[in-house]
Amino acid sequence: MKLKAKIIAPVLVLLFFATVGITAMNYWNASQSVRTMKDNIIESGLDTLTSQMAHSIKIEEVVNEEMDERLLASAQTFAEIVRLRNENGTLDYNDFAMFQRTADFLGMSEINVTDAEGTIIGTNILEGNIGFNYGTSESTLPYMQILTNRDYVRVELPRASATPPYTVYQYAGVARIDGEGFVQVGLSVDVIKEYSDMLDVINLARDMRIGESGRATVIREGLIAYSQVSSKIGGDVTGEPWYSAVTTGERGRTELEIDGIEYYAGYINISGTTVLLLFPKSEYYGYLM
């Protein structure tokens, strides 16, 4: 019996350490496998976003250039229409229907014509625009330069209109060819968005899944442009301790703590836009259980 005990004890010890070793090896292999899976998920997401954002930026540049040219051409076309109608005696600044037909023909949302003092005397907008003077609003004041410089043209970035209901438009203005005042045309941003929504990084981030519960967050110039937590949209994150870590370099991976939750994170920075891919550490450890 003593001999058997002497044999069994070492065997049990060996079995114990073998079991521990195998368990440790299995855990290490599982950990490596899950780590690789997590890294692949983040890197794949970053690859998709990098490619899509680069393509989106190129498309946006083309769209913006084409929209600027379209707006300017429409303003010049309407200025010529004003001149021709004025010459043949068919121009009636109170004929809203004519203004609307012309706006529809040009594909414009808004058309305004001013007198020599920069006050609107003709428009396709039935309420609010007649009588508005461009010199009374900071956003429209630059148009007054057209009155003193016939060669001055203005094509601007989208902004809210100066009069109710303050819809967002992109505007262009040119001197009237008949010698007085100027013409302004505006295109609703809703129309412009039709060209770019399919490539918008926010839409891409909204549909992106990082593991089971991970998420994408879009930051533009320090403000949250998209988050799954809607109350965070518009928030300034430049003061957050993790902000500098994700805005250094074009692309990288790091570990972050946001609102008390720890994440493995990937990030890219393109043209002032930062996209964060957040993979919760709790989900990572859950795969190992």
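Visitor: Which strands form the open sheet, and in what order?
Guide: The order is β8-β7-β11-β10-β9, 5 strands with antiparallel pairing. Strands here are DSSP runs of E, at least two residues long, and helices are runs of H or I, at least four residues, numbered from the N terminus. Two strands pair if DSSP finds at least two bridges between them.

Visitor: Which strands stand at the edges?
Guide: β8 (223-226) and β9 (251-258). Each has a single partner strand, so one side of each is left without a neighbour in the sheet.

Visitor: And the twist?
Guide: The twist averages 35° from one strand to the next. Axes are lines fitted to C-alpha atoms, for helices over the stretch in contact, and angles run from 0 to 180 degrees between N-to-C directions.

Visitor: What should I know about the model itself?
Guide: It is predicted: local features need pLDDT of at least 70, side-chain atom pairs count only at pLDDT 80 or more, and totals for chains, interfaces and linings use all residues. Residues are numbered from 1 along each chain as its sequence is written, and side-chain values use heavy atoms, with hydrogens and water left out.

Visitor: What is the average pLDDT?
Guide: The protein chain averages 79, and 76% of the residues score at least 70. pLDDT is the predictor's confidence in each residue, from 0 to 100.

Visitor: Where does pLDDT stay under 50?
Guide: Over residues 11-18. Where pLDDT is low, the predicted coordinates should not be read in detail.

Visitor: Back to β9. How many bridges pair it with β10?
Guide: 8 bridges, in the antiparallel sense, with β10 covering residues 261-270. E257 stands opposite E262 in β10.

Visitor: What about the loop between β9 and β10?
Guide: D259 lies there. D259 has a positive phi of about 55° although it is not a glycine. Most residues other than glycine have a negative phi. D259 is exposed, at 55% relative accessible area. The cut-offs are under 20% for buried, over 50% for exposed, and partly exposed in between, with a 1.4 Å probe and protein chains only.

Visitor: New topic: β6. Buried or exposed?
Guide: Buried: 7 of the 7 residues of β6 (residues 182-188), so the strand is largely enclosed by the rest of the structure. F182, Q184, G186 and S188 point one way, while V183, V185 and L187 point the other way. In a regular strand the side chains alternate between the two faces of the sheet.

Visitor: What does β6 pair with?
Guide: β5 (residues 168-175) joins β6 through 7 antiparallel bridges. β1 (residues 110-114) joins β6 through 4, also antiparallel. G186 has a bridge partner in Y171, and E110 stands opposite G186 too.

Visitor: How many residues sit between the strands in the hairpin of β5 and β6?
Guide: 6 residues. In that hairpin, G179 takes a positive phi near 100°.

Visitor: Where does N124 lie, and is N124 buried or exposed?
Guide: N124 lies in the loop between β2 (120-123) and α3. N124 is buried, with a relative accessible area of 6%.

Visitor: What does the N124 side chain reach?
Guide: The backbone oxygen of S109, at 3.3 Å. A polar atom of the N124 side chain also lies 2.8 Å from the backbone nitrogen of I111. A polar contact is a pair of N or O atoms within 3.5 Å; within protein, one must be able to donate a hydrogen and the other to accept it, and residues adjacent in sequence count only if both atoms are side-chain atoms. Beyond four places in sequence, N124 touches residues including F96, F99 and Q100.

Visitor: How many aromatic pairs are there?
Guide: 6. The rings of F78 and F99 have centres 5.6 Å apart and planes at 55°, so that pair is tilted. Rings of Phe, Tyr and Trp (its six-membered ring) pair if their centres lie within 6.5 Å; planes under 30 degrees apart count as stacked, over 60 as edge-to-face and the rest as tilted.

Conventions. Contact means heavy atoms within 4.5 Å.
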